[in-house]
Structure formats: structure tokens, C-alpha cells
Amino acid sequence: MTTVTQPRTTWLRVLAEQSRQLGGRLRPAAERLRPLAVWVQSIRRALLPVTAVGWMTIATGLVMMTLGVRFGWVEAMTVGLACLLLCIVAVVWTLGKSNFAADIEIDATRVRIGDHVLGRVTITNRGRRRLTGTQLELPVGRGLASFRVPAMGANASHEQVFSVPTTRRAVIPIGPVSSVRSDPIGVLRRSQRWSDVVEVFVHPRTVRVDADATGLLRDIEGVTTRDLSSSDVAFHALRDYVPGDDRRAVHWRSTARLGRLIVRQFEETRKTHLLIVLSLNAGDYATEDDFETAVSAASSLVLQAMREERTVTLVTHDGPLHRKVPSLLLDEMCRLEPHIKCNDLPTLTTEAIRQVPDATAAALVTGSGVDASRLRLAHSHLPPNTRTIAIRCDRAEAPSLRRIGAMNVLSIANLDDLPSAIRSSR
């Protein structure tokens, strides 16, 4: 007797059918609850302007009114009525609606550390009636600028100029411009947004290094490998002709002298591809300044490679940065932040070489928290033919050069030490 087995997917179909039936039964209930959800959302929006002072005032008023009515305590009832009266006055005080148009203008959205960003906020009354003086707020980074706009007639405008100092690499969000209506006591605070956010990129400081140092190579054609080829630019040796060799590689003088075909043999060269591995692990750096030096050093190497029209890839714990325009790449560098929990440098190097397998030169940029053993392990994960240097950023250590295996390790105290350190490693 033959046993017929059902397909394994039968139970999945049954489960899907039951799910559809359950959804059909729950849909009417959800439709009935939708008005309640809309009502709850409306109440939530209505209560958003209530501040912490407002909630305290409301709670005090209700408690005092309850005590006054319960125990006949006139003083408590008076305090409760006063609190509730303050809430009513706050509602009346903040009634009304503004109709502004706000525009944020920045003189430059990309600046260097130390530059001042000049900006202007233009406020226009788009309403048909005159508006009284209004308090406006402008978030600038983690700070908040507050200024008062005078009374304006219909279609009138007011300009407010501001300046933002830049002391560190960062992305500074400016805006949005918001109008604020609040009572004198601070029971209610209504805020309305009038503009979008404008980002200002404070690029890391960079220095120029030698024109032939960023590729870590001395030849302009590429890096020579140990792989042999019948046609390339790096001559290796002469050998006997083998069927299939290119006739253009025949060395006629040796052929005439020896009486048999002799061909040239070349070493394969690869196009220079610089891989920069920048550690974002906060534990690799002794101070925040060391991390900023590492970001600036990596940025300097990338920019120099771009000037030389070399192929360069920067890999961090956030992934590779593929921007080919220097300004856009520096924008991405402004967003880099140290991570508390992330992979160590050897693991990051393994991921980087997996993403850039054709790298011919590498620079490992990190801090003093990575010791020699970790550097040696990270170097071992790179292909043998990859020319590698390591740059350790440590303000507490004097600039120095040492060698770990086949890798030069450069220690720099600040960014100004980078050019001379690169020259000394060649």
C-alpha cells in the first residue's frame, strides 16, 4: 500500500488562512476604536504646550480645591482657585496664531577649524494684520539663541545677524527657527516651527605631505609584485622562448648571439591603491585630542592621494567612505565619532582588506591604546605585497619611528609632525 504524504507547506497555508480570518474579525473592532485613537491624539496635542510649571500648578490647584471642599479649609480653596485662575490666564495669554516666513542664510556651509560662521535670519510677517513683538528661538548646535522680533506690519521683515565660532571638527545644525508664545509665569509654552535645519560642516585640519609619500611607493606606474608576466613595464630577466609567448617580447640581440629565441620577462605591476584604516575605537586613544589628530592625519593622507590622482579608500568602523570629491569626503569626516564598543584594529583591518582586496599600500591610523602586538597582528592580516605603515597618535609621546616586522610605525604628537614622519619612513 502506498502512503501519500502531504507537502510540508500545508501547515503554512493553514496558518496563513487562520491569520487572514483573525484579521477579518479584528478589523471591525479596530474601526470602532479609530475615533477613540483620534480623540486621544487630539488631547495629547492640546496638552503638549503645558510645561512642568504648568503641571505643578494644575496639580496644586486640584489638590487644594479638594482639601478645601472636603475639610472646609478656606485658605486651601483660595490657593486652589488662584492656581486654576493662573491656568486660565495662561490660556488666554497664549491664544492667537502667527504667520511667519523664516529664512536662514549662511555665508559658508563648509569652514575650517577657527573660522567664524556668519549667518542671518530673515523673518517676514505673511499675515494681513500687524503682529506684536514675538520671541524667536534658533538652535545652534547644542546651544540655543533667543531673540525678540519687534512688532511688524503686514509683509514687513526683520533681520537678525548671528555669528557661530568653530573650535573643533563637527557638524553644526542651525535651526529650525521657532516662534514661542508663553505666559509670564511659564504655565504654557507654545512653539511653532518656521524653517528647516541648515548644516555647517567644520572640516578637520589637514596638512600637505610629500607628493610621493601617500602611495608609499617610489614608482609612478604602480607597485611591483613577484608575479611574472610576458608584457609589463618592470623588466625582470631574459628566458628562452616558449610557444605562445608574444613575439614583440623577443630580445633580438640575445637571440642573434645565442642562436635561439630569447624573450624578455617582466614583473607584474599593479595600479597604486592606497587603503587607509582609521580606528574609531575610543579605547584606542588616550585623549579626545589624540582622536582628532588621527582623523586629521587620515584626512591629510586622503586629500594628498586625491591630489596625486591615486586610488584611495578610507575604511572606518562605520564602513568605507567612497566619496571622490574632497569636500564631500571631508563632510563625511566631520560626522565621525569615537565608539565605545566596536571591533579592535586587527578585526577592522581584516574587514577593510575584504572590502578592498586590490590594495597595494596601507596606512593604519590609531592611538596609543594599540600596542605592538596588536599592530603586528593587524599587519599580518594584510597581503604580503602590501606596503604598510602605522600612525599612532599620542600627545604624551615624542615623535619617533620604529619598525615592527616589515612595517614602519610612526608616532606623532600632533598633526604638524605628520609630514616629517612620512618623509622619515621612506
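Predicted model: local features only at pLDDT ≥ 70, side-chain atom pairs only at ≥ 80, totals over all residues.
Residues are numbered from 1 along each chain as its sequence is written, and side-chain values rest on heavy atoms, with hydrogens and water left out.

Helices (H or I, at least four residues) and strands (E, at least two) are DSSP runs, numbered from the N terminus, and two strands pair if DSSP finds at least two bridges between them. Strand 19 (residues 400-404) and strand 20 (residues 407-412) run antiparallel and are joined by 5 bridges. Their hairpin has 2 residues between the strands, and Gly405 takes a positive phi near 65° in this hairpin.

An open sheet is formed by 7 strands in the order 16-15-14-17-18-20-19, with mixed pairing. Its edge strands, each pairing on one side only, are strand 16 (319-321) and strand 19. From one strand to the next, the twist averages 20°; for such angles, axes are lines fitted to C-alpha atoms, for helices over the stretch in contact, and the angles run from 0 to 180 degrees between N-to-C directions. Contact means heavy atoms within 4.5 Å.

Helices also pack on each other. Two packed helices are described by the angle between their axes and the distance between the axes. The axes of helix 5 (288-307) and helix 6 (residues 326-334) come within 11 Å and cross at roughly 165°. Helix 5 is therefore roughly antiparallel to helix 6 (angles under 35 degrees count as roughly parallel, over 145 as roughly antiparallel, 65 to 115 as roughly perpendicular and the rest as oblique). Among the residues that meet are Val295, Leu303 and Met306 in helix 5, and Leu329 and Met333 in helix 6.

A few backbone details stand out. Most residues other than glycine have a negative phi, and most peptide bonds are trans. Asn155 is not a glycine, yet has a positive phi of about 65°. Asn155 lies in the loop between strand 5 (143-149) and strand 6 (157-165), and counts as exposed because its relative accessibility is 61%. Glu309, in the loop between helix 5 and strand 15, has a positive phi of about 60° and is exposed too, at 72% relative accessibility. The peptide bond from Gly175 to Pro176 is cis, with omega near 0°; Pro176 is found in the loop between strand 7 (170-174) and strand 8 (178-182).

Lastly, the cysteines. A search of the whole structure finds 0 disulfides, a disulfide being a pair of cysteine sulfur atoms within 2.5 Å. Cys393 is buried, with a relative accessible area of 0%, whereas Cys342 is partly exposed at 26%. Buried means under 20% relative accessible area, exposed over 50%, and partly exposed in between (1.4 Å probe, protein chains only).
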